Amino acid sequence: GDTDILMRGWWALLAGAAAAGIYWGLAGLTGRVARISGLILVLTLPGLYTHSADYFAGYADLPLTIFFFYAALFLYRLIPHPTPGPFHVAVLFLSLAAFTKNEGLVILIGGSVILGGSIAIGRPLPRRTLACAVLLIGLSVLPWQVERRVLNITGDLTPTWDPLTRLAPT
């Protein structure tokens with residue numbers, strides 16, 4: 001629930017994941033001063049402390065941000081050396097972003113386009129690696145979409161092509 005003390009621990013773990021990604025994940029890509037500066041910047045964000053120390057909130061924005069950050073980090077590592085390791089980790093974090101909340105689907109689609117583009121301009125990866133990526137993406141997206149259809153879960157927004165319907169008073 002929203003008054004659970006575990007939320008504080010969850011946000012602290014996410015802050016630790018962000019710190020680890022900034023400091024150790026960027027090692028070899030940027031200098032130590034830039035990594036420490038980024039670390040200080042992230043760890044002094046008021047929102048991070050507010051949610052981990054004062055408020056009990058279970059927002060999924062921070063997990064989505066961390067998953068996106070790690071996906072981008074491994075995508076960046078993939079560009080100079082297209083190997084299956086960073087590729088699979090990037091796909092995993094993109095899939096976790098899609099599983100976190102609806103906005104994560106946009107991150108997954110954008111990341112998949114970037115992955116496809118980086119493969120197209122770089123050395124191609126083995127087909128088995130690409131098949132594993134498609135399977136992982138499918139496993140993260142399809143179950144929720146099927147459950148939405150089975151349980152008839154609708155969103156609070158109803159997209160329509162008719163501009164008059166969007167402007168009509170409710």
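This is a predicted model: local features need pLDDT of at least 70, side-chain atom pairs count only at pLDDT 80 or more; totals for chains, interfaces and linings use all residues.
W24 is exposed, at 61% relative accessible area.

W24 has a partner. Y23 and W24 make an edge-to-face aromatic pair, with 5.3 Å between the centres and 90° between the planes. The charged end of R35 sits over the Y23 ring, 4.6 Å from the ring centre.

Next, the other rings. The whole structure has five aromatic pairs. F74 and F93 are one of them, and this pair is stacked, at 6.4 Å centre to centre with 10° between the planes. F74 belongs to helix 4 and F93 to helix 5, residues 84-100, so the pair ties together parts 19 residues apart in sequence. On accessibility, F74 is partly exposed at 22%, while F93 counts as buried at 17%. Both rings belong to a cluster, linked by ring pairs, that consists of F67, F69, Y70, F74 and F93.

Last, the second largest pocket. It holds about 210 Å³ of space. Which elements give two or more residues to its lining? They are helix 1 (6-25), helix 3 (46-54) and helix 4 (61-78). Helix 1 supplies the largest share, five residues. The lining has 13 residues in total, and V42, L45, L62, T65 and I66 lie nearest the centre of the pocket. By class, 11 of the lining residues are nonpolar and two are polar, with no charged residues.

Key: Residues are numbered from 1 along each chain as its sequence is written. Side-chain values use heavy atoms; hydrogens and water are left out. On a 1 Å grid over the protein atoms alone, a cavity is a set of points where a 1.4 Å probe fits but cannot get out, and a pocket is an open set with protein on both sides within 12 Å along at least five of seven lines; lining residues have an atom within 4 Å of a point. Grid points are joined across faces, edges and corners, and a volume is the space filled by probe spheres set on the points. Helices (H or I, at least four residues) and strands (E, at least two) are DSSP runs, numbered from the N terminus. Ala, Val, Leu, Ile, Met, Phe, Trp, Tyr, Cys and Pro count as nonpolar, Asp, Glu, Lys and Arg as charged, and the others, Gly among them, as polar. Rings of Phe, Tyr and Trp (its six-membered ring) pair if their centres lie within 6.5 Å; planes under 30 degrees apart count as stacked, over 60 as edge-to-face and the rest as tilted. Buried means under 20% relative accessible area, exposed over 50%, partly exposed in between (1.4 Å probe, protein chains only). A charge sits over a ring if NZ of Lys or CZ of Arg is within 6 Å of the ring centre and within 35 degrees of the ring normal.
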